Protein chains: 2
Amino acid sequence: MLIYSKALLAEQAKIFKALGHPTRLIMVHALQSGEKCVCELQELIGDDISTISKHLSVLKEAGIVSVEKRGTNMYYSLVLCCLETFLSCTAETVRRRLAEQMEELKK
Amino acid sequence: MLIYSKALLAEQAKIFKALGHPTRLIMVHALQSGEKCVCELQELIGDDISTISKHLSVLKEAGIVSVEKRGTNMYYSLVLCCLETFLSCTAETVRRRLAEQMEELKK
DNA sequence: TCTTTATTTGGCTTTTTGGCAAAATAACAA
DNA sequence: TTGTTATTTTGCCAAAAAGCCAAATAAAGA
């Protein structure tokens, strides 16, 4: 523990919180293959465009993505490093757990 | 993206969401040095014991910690692997960002 | 058994999210 | 300038989360 400033803790929590929504996880996964504009993400996810926009601003506020405007489009890209490993690791963990649950049900 | 089952995504989001609260982050940080009972955590954090207990159950539900009862105490310990690296990486990132913001203010 | 200690659960209030729809902005083209 | 497309912002409402208190549970000891 030692010294854990509130600010630091709050910012770190913000990162996790931002990743803690299925839609935003899809976004992050999608951005791993490169930047996307809002319309591409909304096509992928299907929610109302304003909802998509709000989710993106949460990711931006947390410093997980950055935006660049080109023409009429806003292009979002991943900026948080060290994300990939943790994403795939948690995904693998969850996959394993769900598989175990399936096994349980078979008995 | 490819096939991303809703269940998998929801579980993964649950992990992040559970980590997305300052108090729960303190808990996880504290548990990195080994199991702790509820009372130790409450002493560390200071909130009402029922609040502590509820936060712990969120972490448990997400599969981040496990519990073992010994005597009248409940001992919580970390079970989610691959957490340490991401925790220290995000902490470092945040630390760097906050430092940059300080620099900005100096100007 | 009665008491104490540790922890969880239930109830309640306040705050925060999530999501849609409508209005506002911004850039570009006609 | 006017219209069009892309995106954000605002307002509103329902649902979920957070936090506190009080009550319930469970193990251990007197």
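User: Hi! How many salt bridges does the structure hold over all chains?
Analyst: Hello! This is a predicted model, and it holds eight salt bridges over all chains.

User: Nice. Which side chain does E35(A) meet in a salt bridge?
Analyst: That would be R70(A), at 2.6 Å from N to O. The pair joins distant parts of the chain, 35 residues apart: E35(A) sits in the loop between α2 (22–31) and β1 (36–37) of chain A, while R70(A) belongs to strand β2 (residues 65–70) of chain A.

User: What network of salt bridges is E35(A) linked in?
Analyst: One that links E35(A), E68(A) and R70(A).

User: And over in chain B, what does R70(B) pair with?
Analyst: R70(B) meets E35(B) in a salt bridge at 2.6 Å, N to O. R70(B) also forms one with E68(B), at 3.1 Å.

User: What area do the chains bury between them?
Analyst: About 3400 Å², with 78% of it on carbon and sulfur atoms. On the side of chain B that touches chain A, the elements giving two or more residues are α1 (6–19), α2 (22–31) and α5 (83–106) of chain B. The residues of that side divide into 26 nonpolar, seven polar and four charged.

User: Last one: which residues have the most contacts inside the largest nonpolar core?
Analyst: L19(A), I64(A) and I64(B), in a core of 60 residues.

Note on methods
Residues are numbered from 1 along each chain as its sequence is written. Chains are lettered from A and ligands numbered from 1 in the order in which they are written. This is a predicted model: local features need pLDDT of at least 70, side-chain atom pairs count only at pLDDT 80 or more; totals for chains, interfaces and linings use all residues. Side-chain values use heavy atoms; hydrogens and water are left out. A nonpolar core is a set of buried Ala, Val, Leu, Ile, Met, Phe, Trp, Tyr and Cys residues joined through side-chain atoms within 4.5 Å. Buried means under 20% relative accessible area, exposed over 50%, partly exposed in between (1.4 Å probe, protein chains only). Buried area is the accessible area (1.4 Å probe) that two parts lose on being put together, summed over both. Helices (H or I, at least four residues) and strands (E, at least two) are DSSP runs, numbered from the N terminus. Ala, Val, Leu, Ile, Met, Phe, Trp, Tyr, Cys and Pro count as nonpolar, Asp, Glu, Lys and Arg as charged, and the others, Gly among them, as polar. A salt bridge is a side-chain nitrogen of Lys or Arg within 4 Å of a carboxyl oxygen of Asp or Glu.
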